[in-house]
Amino acid sequence: MKKIAIFASGNGSNFQAIAEAVEKGKLHASIELLICDHPGAYCIDRAEKLNIPVFSFSPKDFPLKEDYEQQILQELQAKEVEMIILAGYMRLIGSVLLRAYPNHIINIHPSLLPAFPGKNAVLQAIEAGVEVTGVTVHYVDEGMDTGPIIAQRAVSIHKGESVEEIHRKIQQVEHNLYPRIIEQLSNEQEEKV
Ligand code: GRF
């Protein structure tokens, strides 16, 4: 069974959806750890209720990204984590983790990449006047939402819909798609071994 770690910064609804897929036996993985860069974030409360260990830290307590990533890496290695799942983690991954987990870090982003990378992707889509946006799952590289795309789903935008309304539709798609992609990737990786 694949050992995974989830990285989140805030609400953690994707983290919860992945944990529920594991509980229901739809995703054959073991969530070893939640990594969170905001010690007060709600995703930590969720992890505690789910009995999932948490490593939280404040980046400002470390002089460099390398320093806190080194600490994260120790935590991941202690739990023999094989795959990193970013789910609302609002930071770029640096060289320490990219080198330790080549092709084993994935992210979910609320747009059809390469359109609207970075923050406020839904607002960017509204402001651009598009009628379709969506969700992208992709491998993580050193750029901002730039790695190779694994899966995408479209979500329509209707006239007058707010950021919150569109984001709610996007999240429904995310909660369904992300566990399925993680399951698929972990099966593919098992086959290669
Ligand atoms: C998601 O919409 C995801 O696409 C983006 O950040 C959001 C996180 O939401 N990267 P949550 O914390 O999982 O509720």
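Me: Which elements each supply at least two residues of the lining of the largest pocket?
Reply: This is a predicted model, where local features need pLDDT of at least 70 and side-chain atom pairs count only at pLDDT 80 or more, while totals for chains, interfaces and linings use all residues. Residues are numbered from 1 along each chain as its sequence is written, and side-chain values use heavy atoms, with hydrogens and water left out. Helices (H or I, at least four residues) and strands (E, at least two) are DSSP runs numbered from the N terminus. The elements are α1 (13-23), β5 (105-109), α5 and α6 (163-192).

Me: Which element gives the most to that lining of the largest pocket?
Reply: A pocket is an open set of points on a 1 Å grid over the protein atoms alone, where a 1.4 Å probe fits, with protein on both sides within 12 Å along at least five of seven lines. Lining residues have an atom within 4 Å of a point. With 4 residues, the top contributor is α6.

Me: What is the volume of the largest pocket, and which residues are the closest to its centre?
Reply: Volume is the space filled by probe spheres set on the grid points, which are joined across faces, edges and corners. For the largest pocket this comes to about 790 Å³. Of its 36 lining residues, the closest to the centre are G88, Y89, M90, I108 and P110.

Me: How many nonpolar, polar and charged residues are in the lining of the largest pocket?
Reply: Nonpolar covers Ala, Val, Leu, Ile, Met, Phe, Trp, Tyr, Cys and Pro. Asp, Glu, Lys and Arg count as charged, and the others, Gly among them, as polar. The lining has 15 nonpolar, 16 polar and 5 charged residues.

Me: Which residues line the second largest pocket?
Reply: The volume of this pocket is about 150 Å³. α1 and α6 each supply at least two of its lining residues, and α6 has the largest share, 4 residues. The lining is A17, E20, A21, K24, K26, L27, H175, N176, P179 and R180.

Me: Where do the buried residues of α5 fall, seen down the axis?
Reply: Buried means under 20% relative accessible area, exposed over 50%, with partly exposed in between (1.4 Å probe, protein chains only). In α5 (residues 121-128), A121, V122 and A125 are buried. Directions are taken from the helix axis to the C-beta atoms. The buried residues lie within an arc of 105°, so they line one face of the helix.

Me: Which residues have the most contacts inside the largest nonpolar core?
Reply: A nonpolar core is a set of buried Ala, Val, Leu, Ile, Met, Phe, Trp, Tyr and Cys residues joined through side-chain atoms within 4.5 Å. The largest has 39 residues, and α6 gives the most, with 7.

Me: Which residues does I85 touch?
Reply: Contact means heavy atoms within 4.5 Å. Residues up to four places away in sequence are not counted. The partners of I85 are I4, A5, I6, F7, I18, I106, Y178 and I182.

Me: Is N51 buried or exposed?
Reply: N51 has a positive phi of about 60° although it is not a glycine. The residue lies in the loop between α2 (42-49) and β3 (54-56). With a relative accessible area of 70%, N51 is exposed.

Me: What is omega for the cis peptide bond joining L113 and P114?
Reply: P114 is found in the loop between β5 and α5. The cis bond joins P114 to L113, with omega about 10°.
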